[in-house]
Amino acid sequence: MGEGGRARRRVLQATGAALVAAAVCAGCATGTADGAPATAASAAAAGGPRNVILFLGDGMGVSTVTAARILAGQQQGGSGEEYLLPYERFPNLALIKTYNTDAQVADSAGTMAAIMTGQKTRMGHISVSSAVPHDDCAAALEGELPTLLELAEEGGFATGVVTTARLTHATPAATYAHVPNREWESDSQLPPAAAELGCRDIARQFVEFAHGDGIEVAFGGGRATFVPKDATDPEHPQVKGIRSDGRNLIEEWQRAHPNGRYVWNQAQFDALSPEDDGPVLGLFEPSHMRFSVERAGDAAGEPSLAEMTAFAIRKLSRNPRGFFLMVEGGRIDHGHHAGNARRALEDAVAMADAVQTALDLTDEANTLILVTADHSHTFTISGYPRRGNPIFGTVVYPDGSPATDTEGRPYTTLGYQNGPGYRETLPDLTSVDTEAVDYLQISAYPLDSETHGGEDVPAYALGPNAEAVRGVMEQNRLFDVMQQALMPDGGLGGHQAGQRASR
């Protein structure tokens, strides 16, 4: 470990001690001076549990929120426009600027790193300084940035990571890993020179996570990044692992946590109890988890985002000091990249369901719920459709007449600026089922994968310090919002001061 790494460890240890001190009486009985039971608000004020839940809708820009709102409302029998998603009722709202230090339109690694560390960084970099060149292992080892999850662990809080993407994918990885290239998910993707210098792949960093007493709950996909190439996947025998070092990191995690539980399907998940001691690891697919619309009929099955969120909250809530939980709706982004609005929006609605689950299981007096996105997409809603027009349908004007382009062809409300939905010759959609799961909305420019959008994204907040989410904000300021909610008496010391100096 270089001097920068040792210094970072000292910062974390000092921060952890300060956070423990800030959480005094967290385990004490709570009550008022006259012996009456304390309210949640008074318990929090007296040093009771403090919780932060970050919901990250990957790629969930304003147009995605609007379309998901309409879809959810129409699924419940309404016209859709009047509906509100659970987090849209939160009283605090801001627009978040998402650029990376080297990119006008950002990626998920740099944006999530900004949220988790309080410092903006480069595109493709996970929780390392913006001074670190791309792929530079030595510089990355010296430029690691402590994450809020690491700080929470050092301070005695329980922590959890829940995602529908691979657990080693950019967004979840930014909570616990540090690399100068988001592609280093397994050792087979890590350059040999970087490995020789001591850099570790993201899956290995998860298993070797050494802060506090470790991450208590981790759910997602990505089994293949944890197991060797000659290991057959239990659910899909035709799928093998991708590790080149021969290590089975799932088995290593189990040996390191003899009282922990590892699960990989719905039945095993359903058998879990949040009351059991020990951490829980769930890896439900070789790669990403299934899109919400594809979950029905799966023989092995996998839990929904709402189910995983509910379990995580119940388990983490056992810690009297409180917890930090990150929940990612990761496949919203993947649906958009595929030019497939149906998959993207169904997953956006699934994330809204998970937010409602969190609202049902927590108290706003001691729990900050922050809902935001890392970036947007080139996704658009247009065309003057009438009120209640099916969100995936072709445009019908308010007078009931079908809308057509200058060549007399119908067109859809939803579309993309670029992506795989490009058609050199535009089709006549009169007899096309544009609401089908596999329909790709038409894009203006041909790309194999649709790109991110660069406009600001929304952030919605409820609970302690939620009032700090106002106006137009730099994305890295969300770190401060969460840190101050979790640890209102401070405790970041030089770490926070160093961040502010670099902004």
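A disulfide is counted here as a pair of cysteine sulfur atoms within 2.5 Å. In this predicted model, that rule gives a count of one disulfide. The bond runs between C137 and C199, with the two sulfurs sitting 2.0 Å apart. Looking along the link of C137 and C199, the angle about the S-S bond comes to 115 degrees, which makes the link right-handed. C137 belongs to helix α5 (residues 137-142), while C199 falls in the loop between α8 (192-197) and α9 (202-207), so the pair ties together parts that are 62 residues apart in sequence.

Another residue worth a look is N51, found in strand β1, which covers residues 50-57. N51 has a relative accessible area of 8%, and because the cut-off for buried is under 20%, N51 counts as buried. A polar atom of the N51 side chain lies 3.1 Å from the backbone nitrogen of F323. Setting aside neighbours within four places in sequence, N51 touches G322 and F323, then N366, T367 and L368, and also L486.

How much confidence does the predictor place in the chain? The mean pLDDT of the protein chain is 89, and 86% of its residues reach 70 or more.

Technical notes
Residues numbered from 1 in each chain as written. Predicted model: local features only at pLDDT ≥ 70, side-chain atom pairs only at ≥ 80, totals over all residues. Heavy atoms only, no water. Helix = DSSP H or I, 4+ residues; strand = E, 2+ residues; numbered from the N terminus. Buried < 20%, exposed > 50% of the residue type's maximum accessible area, 1.4 Å probe, protein only. Polar contact = N/O pair within 3.5 Å; in protein donor to acceptor, adjacent residues only side chain to side chain. Contact = heavy atoms within 4.5 Å. pLDDT = per-residue confidence, 0-100.
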